[in-house]
Amino acid sequence: MQYIRRRKIQILPVARNSKFTQQKSLAIRNPNTGAHPISAHTLSIIVNDRVLEAVRNCNITYGVIENDDMNSPAERRNSNLQILMNYNIGNVIGAPAEQDLSLALEVHHWELLMFLENPEAFFYSKYDDPVTRPDYLKMTWTIEGVNCGTVGYSTDADGPDIYPQTAQELLEDMGVVRATVAKLLRNDQVDAYAMPTHPGHHAGPNHIGGYCYLNNAAIIAHLLIKEGKSVGIIDVDYHGGNGTYDFVDIIPGLKFVSIHAQEDYPETEMFKHGRGLPFGTTWETYSGVLKEVLDTMAELDIIIISLGFDTLSSDPLTHDIDGGGFELKPEDFYLMGQMIGETNQQILFIQEGGYDIKNIPTVCRQLLSGFESVRNLMPRSIKYPLNQYTKNIKINKFRNQ
Ligand SMILES: [Zn+2]
């Protein structure tokens, strides 16, 4: 498997002189030990290789489609990638697309995958009689009785629409999934932010929904567990991860908790796997819940953060359309990144939702900057417990310098 790897791409002048860059250099030593950082820790940002090439060439509208829907996953992906590259956050890796969706086969229903790979061909194979055949563009697809969304380009169904380029984007997303798993397995000092085009946490084994087609987090968790890792998923999207919840009994050993709005889509009761919060929740409350959930996963090897930016106080979908919303501020995401960075686990952020497209890139940068500010201080202590590690690097040598 080959990846296009480039480091330190396209640093714009603003990044060199930015406050963030200065903060990062000031935080270069551990304030407790005075130690210089150890370079073992790295953050990988994994995205489709064609997307990477387009954004590198400043084609910020690559893959963006015009519609009247608030969901613009390609725009979110492009703008997040651009700001991370501009601020030189993480090592960006371009992953090639898969040839088919078979990577998802062990957790998703085979018929759903066939349908997603080529909806039109699948439709005509099912309805070969032109007299009784329903209207393709209005057909709402079901698999095992579960609503899977509309085949054509209509917007009047609960399921996400399927556009001509959706199948190719899902092949690209599976390429990101494969590269992410390989990266995490190769080196346990690597954290990652995976940027598939489409979110996945509302997609279950045999259904799509809520802008989601394939559950990237569940597929990755399954592949990591198969390799002997213990894995948990924490869903911090505003909307409950009902699709991921449906995998809890299917993927052996998978731990999962969703922190979400109690009374908003998809309103799924998740019992011990859910932390439903009221509209208007601020960081003060949210942070306590997140800390509690992180603590429940303290013994695991890897924590996957299903990362939604729609907890933002300016998110238009959750506030203006749904009439609810949380009240997290951009600076709260810096603190969230720090809190997650303080864990001892290998962390994978994987992109889910978020609809304040204008502000999300800044929030994304805040989150990963907070994460890196903690993570860069020292490598995780899984192999080297803190006291043993600090002894090894002779902390007194660096004190008072
Ligand atoms: Zn959401």
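Mentor: A residue is buried if 20 or more other C-beta atoms lie within 10 Å of its own, exposed if 12 or fewer, and partly exposed in between, with C-beta atoms placed from the backbone. This is a predicted model: local features need pLDDT of at least 70, side-chain atom pairs count only at pLDDT 80 or more, and totals for chains, interfaces and linings use all residues. Residues are numbered from 1 along each chain as its sequence is written.

Trainee: Is Glu267 buried, partly exposed or exposed?

Mentor: Glu267 sits in the loop between S8 and S9; strands (E, at least two residues) and helices (H or I, at least four) are DSSP runs numbered from the N terminus. Its phi is positive, about 50°, although Glu267 is not a glycine. Because 13 other C-beta atoms lie within 10 Å, Glu267 is partly exposed.

Trainee: Which class does Phe271 fall into, buried or exposed?

Mentor: Phe271 also belongs to the loop between S8 and S9, and has a positive phi near 55° without being a glycine. It has 7 C-beta neighbours inside 10 Å, so Phe271 counts as exposed.

Trainee: Which residue is joined to Pro266 by a cis peptide bond?

Mentor: Pro266 is in the loop between strand S8 (255-261) and strand S9 (274-277). The omega of the cis bond is about 5°, and the partner is Tyr265.

Trainee: Which residue of S6 stands opposite Ile45?

Mentor: Two strands pair if DSSP finds at least two bridges between them. Strand S2 (residues 42-48) and S6 run parallel, joined by five bridges. The residue opposite Ile45 is Tyr193.
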